[in-house]
Amino acid sequence: EWGYASAFHGLMWRYFAECEDIKTIALLAQEREMQNIVVTGYPIYDAYQSANNDASMWKSADPKFKRIIWAPHHSIEGHNGLLSFSTFLENAEKILEFAENNIDKYQFAFKPHPLLLQALYNHPKWGKEKADAYYKSWEEGENTTLQTGTYMELFKSSDAMIHDCGSFIIEYLYTQKPVMYLGNSREEQSNVVGKKAYACHYHGTTIEEIDVFLDDVVQNGNDDLKTTRKQFYDEIL
């Protein structure tokens, strides 16, 4: 709300809001009467709609291997406040091992936040050599791939995602596919739209919970949140 209440937002010629809920928040936060808000939707929706469903970025085009994105955030340094939600250090080796041990069922795409590699270079227990070797393992694995570029095609060609990021809480829901959020709740850091998006996620903290999510929801189709995601897509996105 501190952002929406600023003079900057109140005095700009046009303020483009992603949905009606955000418009309401901005109007309530502003002391001055705002006549400049126009609801347009998220601009990234256009990028998703125009993206190709391209399987070439995966090691195999065979649809029998479920395509799973793992997208870890960069905040491994233990920042307080908004940047304290990374689970990479706890899960990095476990998820890579899990991917290697399930070559008959899944393909995994490692989609790290662009700032993660440098954060690992600076981390006392990682450093450049270990971080580069880890990334290379994903790039060269038989059923794993490293993806560091744009991600709309990756989203579109995937079957599910596991992540602990911020913007992906909203953005992956364009796919309406199953998604798991790792780590602590983000609800206290989110506005009403973020809370609704978070409720569209399965939640877990351990490799065992990841295994259950992939086996029960992604493989077997026991997707209890499918209707919730569709409702969010229709009402917000």
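**Buried residues in a predicted model**

Reader: Is methionine 34 buried or exposed in this model?

Author: The model is a predicted one, and in it methionine 34 has a relative accessibility of 8%. Because buried means under 20% relative accessible area, methionine 34 counts as buried.

Reader: Where does methionine 34 lie, and which residues does it touch, not counting those up to four places away in sequence?

Author: Methionine 34 lies in the loop between α2 (20–29) and β2 (37–39). With residues up to four places away in sequence not counted, methionine 34 touches His9, Gly10, Ala26 and Leu27.

Reader: How far apart in space are methionine 34 and methionine 12, C-alpha to C-alpha?

Author: In sequence, methionine 34 and methionine 12 are separated by 22 residues. Taken from C-alpha to C-alpha, their separation in space is 9.6 Å.

Reader: Why do the buried residues of helix α11 line one face of the helix, and which residues are exposed on the other side?

Author: The buried residues of α11, which spans residues 226–235, are Arg229, Phe232 and Tyr233. Seen down the axis of α11, these buried residues fall within an arc of 100°, so they line one face of the helix. In general, an α-helix has 3.6 residues a turn, so residues three or four places apart point the same way. The exposed residues on the other side of α11 are Thr227 and Glu235.

Reader: What is the relative accessible area of histidine 201?

Author: Histidine 201 is found in the loop between α9 and β8, and both of these elements are among those covering the buried residues of α11. Histidine 201 is itself buried, and its relative accessible area is 2%.

Terms used. Residues numbered from 1 in each chain as written. Predicted model: local features only at pLDDT ≥ 70, side-chain atom pairs only at ≥ 80, totals over all residues. Heavy atoms only, no water. Buried < 20%, exposed > 50% of the residue type's maximum accessible area, 1.4 Å probe, protein only. Helix = DSSP H or I, 4+ residues; strand = E, 2+ residues; numbered from the N terminus. Arc of directions from axis to C-beta. Contact = heavy atoms within 4.5 Å.
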